[in-house]
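Me: I have a structure open and want to talk through how it packs. Can you take my questions as they come?

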Amino acid sequence: SAEGAPETVAWLHQQVYQQLGGAIFRQLELLHRDADPEDEKEQTNACVMTIENTRFLIDALAALKQLAQLDDLRRETEAAYDRHLGQYLRLSMPRVFPKLVDYFSRIRQAMGTRAPAEVAFLPDLGRSAARRIMAAGPGPKDVRRNLEALRERVAKHFEGPVAGVVWRAVREAVAAVAAEWDGMLRQVYGGGEGAVPLPFTV
């Protein structure tokens with residue numbers, strides 16, 4: 001009937017987008033399941049595909065925000081987008097800060113089991129070792145060069161507005177990582193003459 005037409009259209013929209021969302025998630029699940037967890041390239045490609053497809057679905061669902069029946073799909077899609085964007089950012093950090101990612105991971109792990117000041121007494125994380133690692137860089141010019149190379153890589157991975165969104169997220173992540181590392185160095189090695197500064201600023 002004419003009175004039931006709007007409800008029928010809304011139901012059809014709900015069914016179409018639920019089926020589309022389900023199909024996308026099933027395919028992306030298979031993609032991630034097949035990606036070798038030890039292969040950075042395969043993991044990155046899986047993230048790129050997921051980010052592109054979930055961004056498409058988020059934008060499509062935004063045009064149907066009046067359909068509350070799709071709220072669960074919206075939340076699931078946004079969560080998947082955020083999760084895989086976060087993974088893409090984590091995979092990108094070693095390209096900006098080679099060697100330092102592993103070093104600060106070891107500091108973070110050590111800080112999880114002892115007071116920060118005690119970390120400086122561990123053989124491989126002592127003050128002299130920290131200064132040697134910081135002196136090896138990357139320095140400011142290296143970070144700028146690495147960021148430019150990463151910007152070009154992001155532009156190859158993503159198209160249109162998504163590339164801009166991802167690049168902004170990369171820049172924010174780089175700044176957040178640098179701030180976190182600076183704080184960790186201050187906690188572990190203190191300030192003054194004993195301080196161990198980062199070899200760059202962001």
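Me: At what angle do α2 and α3 pack, and how far apart are their axes?
Reply: This is a predicted model. In it, α2 and α3 pack at an angle of about 145°, and their axes are 8 Å apart.

Me: Is the crossing of α2 and α3 left-handed or right-handed?
Reply: Left-handed.

Me: Which residues meet there, α2 against α3?
Reply: From α2, the list includes E40, C47, I51, L57 and L61. They belong to a set that meets residues of α3, among them L73, Y81, H84, L91 and R95.

Me: How far is D71 from L61?
Reply: Their C-alpha atoms are separated by 9.0 Å, with the two residues 10 apart along the chain. D71 has its place in helix α3.

Me: Buried or exposed, or in between, for D71?
Reply: D71 is partly exposed, because its relative accessible area is 28% and buried would need under 20%.

Me: Switching to α4. What is its span?
Reply: Helix α4 covers residues 100-111, 12 residues in total, and reaches 16 Å from first C-alpha to last. That is close to the expected 16 Å.

Me: Which residues of α4 are buried?
Reply: L100, Y103, F104, I107 and A110. Down the helix axis they fall within an arc of 115°, so they line one face of α4.

Me: And what do those buried residues pack against?
Reply: Three helices: α5 (116-119), α6 (127-135) and α8 (160-189).

Me: What about the largest nonpolar core, how many residues has it?
Reply: It has 44 residues, and those with the most contacts inside it are F97, F104, F158, V166, W181 and Y189. Two or more residues each come from α2, α3, α4, α6, α7 and α8. The largest share is from α8, with 15 residues.

Me: What does Y189 touch?
Reply: Leaving aside neighbours within four places in sequence, Y189 is in contact with a list that includes Y103 and I107, both buried residues of α4. Also among its contacts are A120, L125, A130 and V196.

Me: Which residues does the second core include?
Reply: That separate core of 13 residues includes Y17, A60, L70 and L73.

Me: Last one: where is N146, and what does it touch?
Reply: N146 is found in helix α7, residues 140-157. Apart from residues up to four places away in sequence, N146 touches R95, V96 and P98.

Me: Why does N146 count as buried?
Reply: Because its relative accessible area is 16%, and buried means under 20%.

Conventions
Residues are numbered from 1 along each chain as its sequence is written. This is a predicted model: local features need pLDDT of at least 70, side-chain atom pairs count only at pLDDT 80 or more; totals for chains, interfaces and linings use all residues. Side-chain values use heavy atoms; hydrogens and water are left out. Helices (H or I, at least four residues) and strands (E, at least two) are DSSP runs, numbered from the N terminus. Buried means under 20% relative accessible area, exposed over 50%, partly exposed in between (1.4 Å probe, protein chains only). Contact means heavy atoms within 4.5 Å. The expected span of a helix is 1.5 Å times one less than its number of residues. The arc is that of the directions from the helix axis to the C-beta atoms. A nonpolar core is a set of buried Ala, Val, Leu, Ile, Met, Phe, Trp, Tyr and Cys residues joined through side-chain atoms within 4.5 Å. Axes are lines fitted to C-alpha atoms, for helices over the stretch in contact, and angles run from 0 to 180 degrees between N-to-C directions. A crossing is left-handed if the near helix is turned anticlockwise from the far one by less than a right angle, and right-handed if clockwise.
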